[in-house]
Amino acid sequence: MSILTPDPTGDLAWRAAWRHPAFRTKFILGLLGILGLLLTFPFFFQTIERHTGPVLNDWVLNQLPPTDVSLAIFLIIWATALLLLIRARRSPAVFMMFVYSYIIVSLSRMLSINLVPLDPPVGLIPLIDPISNAFYGKTYITKDLFYSGHTSTIFLMFLCFRQWWDRLLALIGSLIVGSLLLVQHVHYTVDVLGAFVFTYPLYWLGKRLALSGWNDAERNIDP
């Protein structure tokens, strides 16, 4: 069995992967990277909330009366995350690809948010997401804009999934979440579109970093 081939329980795949020094090193570095991000997020987001920028005249938002759809956004994203955890239990490759890609996407977002400071859209309704908001700090964040973190995260899950049915559900979820963020006026249209544009190439970079050195791992996993 390939170390990247899912098995019914995942035990064989994870044990085989753990025997490789490259995997152990990348696994530990990936977890440290995620921990570092989670510790940094509150300080970063509270800082960018003090930045000022233009309010964009967004034609799409102008056509949409602000509506609170927080519950739908929350359920779609975290149901997809739960499915990813289940798949990662069976495939260390899925876990590693998501971890490394998420780190790179998060760093990219931190850079882009600083380079493109924006004030929030008119009519913004605060997004109620107890899990995500726990990492933002005490103040609700409204300037975490370009590009959309919610959209990029669920789209990244779509890219990491291997089974076509999982990918279809995650892709549909990505499109729905992006649309609902606009309905709630949490993001500008360019924020949501930018999430799709930037996340795709960053996923490939994360995948290469996560899988390199695993006994020709790149040949044992679907593109």
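Here is a short walk through this structure, from its annotated spans to its pocket and its salt bridges. The model is predicted, so local features need pLDDT of at least 70 and side-chain atom pairs count only at pLDDT 80 or more, while totals for chains, interfaces and linings use all residues. Residues are numbered from 1 along each chain as its sequence is written, and side-chain values use heavy atoms, with hydrogens and water left out.

Let us begin with what the UniProt record says. Its unreviewed entry gives "transmembrane region" for residues 27–48, 68–86, 93–111, 145–161 and 168–186; such annotations may be inferred rather than shown by experiment, and their positions are given in the numbering used here, with feature names shortened. In the model, residues 27–48 are 100% helix and 0% strand, with end C-alpha atoms 30 Å apart. Helices (H or I, at least four residues) and strands (E, at least two) are DSSP runs, numbered from the N terminus. Residues 68–86 are 89% helix and 0% strand, and their end C-alpha atoms also lie 30 Å apart. The unreviewed entry lists residues 144–205 as "domain: Sphingomyelin synthase-like", a span that is 79% helix and 0% strand.

The largest pocket holds about 760 Å³ of space and is lined by 28 residues, with Leu-38, Trp-78, Phe-98, Tyr-102 and Thr-153 nearest its centre. Helices H2, H4, H5, H6 and H7 each give two or more residues to this lining.

Finally, the structure holds three salt bridges, each a side-chain nitrogen of Lys or Arg within 4 Å of a carboxyl oxygen of Asp or Glu. Arg-87 pairs with Asp-166, their closest N and O atoms being 2.6 Å apart. Arg-87 lies in helix H4 and Asp-166 in helix H8, so this pair ties together parts that are 79 residues apart in sequence. Both Arg-87 and Asp-166 are buried, meaning under 20% relative accessible area (1.4 Å probe, protein chains only).

In another salt bridge, the closest N and O atoms of Arg-109 and Asp-144 are 2.2 Å apart. Arg-109 counts as buried because its relative accessibility is 9%, and Asp-144 does so at 7%. Asp-119 and Lys-143 form a further salt bridge, with closest N and O atoms 3.4 Å apart.

Notes. 1 Å grid on protein atoms, 1.4 Å probe; cavity = no way out; pocket = protein on both sides within 12 Å on 5 of 7 lines; lining within 4 Å. Points joined across faces, edges and corners; volume = space filled by probe spheres on them. Buried < 20%, exposed > 50% of the residue type's maximum accessible area, 1.4 Å probe, protein only.
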